[in-house]
Amino acid sequence: MYNNDTELLFPSRVIKDLAGLRGPEWDELVNRVKNLAEDSIDHLAFVLMMTKLDGCTTCNSDSFRAMRGCTQCAILNIRRFRGSDKELIRLFEQARIEITKTVEAKLK
């Protein structure tokens, strides 16, 4: 079964749909990142964080997650995240460090 909302990794187009799912800190992050250029460090860090949270690398076309689609998968994972918004922000910051290190290594 194919769902046209399913992609290989977390799609940037879904970021805007994650607003309003948690508290003000989360909304501030989503609102800041959703309008950034797709090649900006913060945008890439958000995509990396969501890819890890959603388990995108282990998703396949036969999985229930893929049949549901990326938007619903991401919404469900953010709603079910047991940590606080501060923990989500910390995960974002860790992803940002990882992206920054990767970019710096490529430039050397």
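Q: In this predicted model, is Met67 buried, partly exposed or exposed?
A: Met67 lies in helix H3. Buried would need under 20% relative accessible area, and exposed would need over 50%. Met67 comes in at 34% relative accessibility, so the label is partly exposed.

Q: How far is the C-alpha atom of Met67 from that of Asp42?
A: Met67 sits in H3. Along the chain, Met67 and Asp42 are 25 residues apart. Their C-alpha atoms are separated by 29 Å.

Q: How many disulfides does the structure have?
A: A disulfide needs two cysteine sulfur atoms within 2.5 Å. For Cys56, the closest cysteine sulfur is in Cys70 at 6.2 Å, too far for a bond. Cys73 has its closest cysteine sulfur in Cys56, at 6.3 Å, and that's too far as well. The disulfide count is zero.

Q: Is Cys73 buried or exposed?
A: The cut-off for buried is under 20% relative accessible area. Cys73 has 7%, so call it buried.

Q: Which helices do the buried residues of H4 pack against?
A: Start with who's buried in H4: Cys70, Thr71, Cys73, Ala74, Ile75 and Ile78. Their packing partners are H1, H2, helix H3 (64-68) and H5.

Q: Why do the buried residues of H1 line one face of the helix?
A: In helix H1 (residues 24-33), the buried ones are Trp26, Leu29, Val30 and Val33. Looking down the axis of H1, these residues fall within an arc of 95 degrees, so they line one face. As background, an α-helix has 3.6 residues a turn, so residues three or four places apart point the same way. For H1, the value behind the one-sided picture is that arc of 95 degrees.

Q: Which residues are exposed on the other side of H1?
A: The buried residues of H1 pack against helix H2 (41-54), helix H4 (70-80) and helix H5 (85-107). Turn to the other side of H1 and you find the exposed pair, Pro24 and Glu28.

Q: What kind of aromatic pair do Trp26 and Phe46 form?
A: The structure holds two aromatic pairs. In the one made by Trp26 and Phe46, the rings are 5.6 Å centre to centre, with 35 degrees between the planes. Stacked would take planes under 30 degrees apart and edge-to-face over 60, so this pair counts as tilted.

Q: How many residues apart in sequence are the parts that the pair of Trp26 and Phe46 ties together?
A: Both residues are buried. Trp26 lies in helix H1 and Phe46 in helix H2, so the pair ties together parts at a sequence separation of 20 residues.

Q: Which residues do ring pairs link into a cluster?
A: Leaving aside neighbours within four places in sequence, the contacts of Phe46 include Phe10, Trp26 and Phe92. The ring-pair cluster is made of Phe10, Trp26 and Phe46.

Q: Which residues does Thr51 touch, not counting those up to four places away in sequence?
A: Thr51 is found in helix H2, and at 10% relative accessible area Thr51 is buried. One of its partners, Cys56, is buried too, at 11% relative accessibility.

Notes: Residues numbered from 1 in each chain as written. Predicted model: local features only at pLDDT ≥ 70, side-chain atom pairs only at ≥ 80, totals over all residues. Heavy atoms only, no water. Buried < 20%, exposed > 50% of the residue type's maximum accessible area, 1.4 Å probe, protein only. Helix = DSSP H or I, 4+ residues; strand = E, 2+ residues; numbered from the N terminus. Arc of directions from axis to C-beta. Contact = heavy atoms within 4.5 Å. Phe/Tyr/Trp six-rings, centres within 6.5 Å; stacked < 30°, edge-to-face > 60°.
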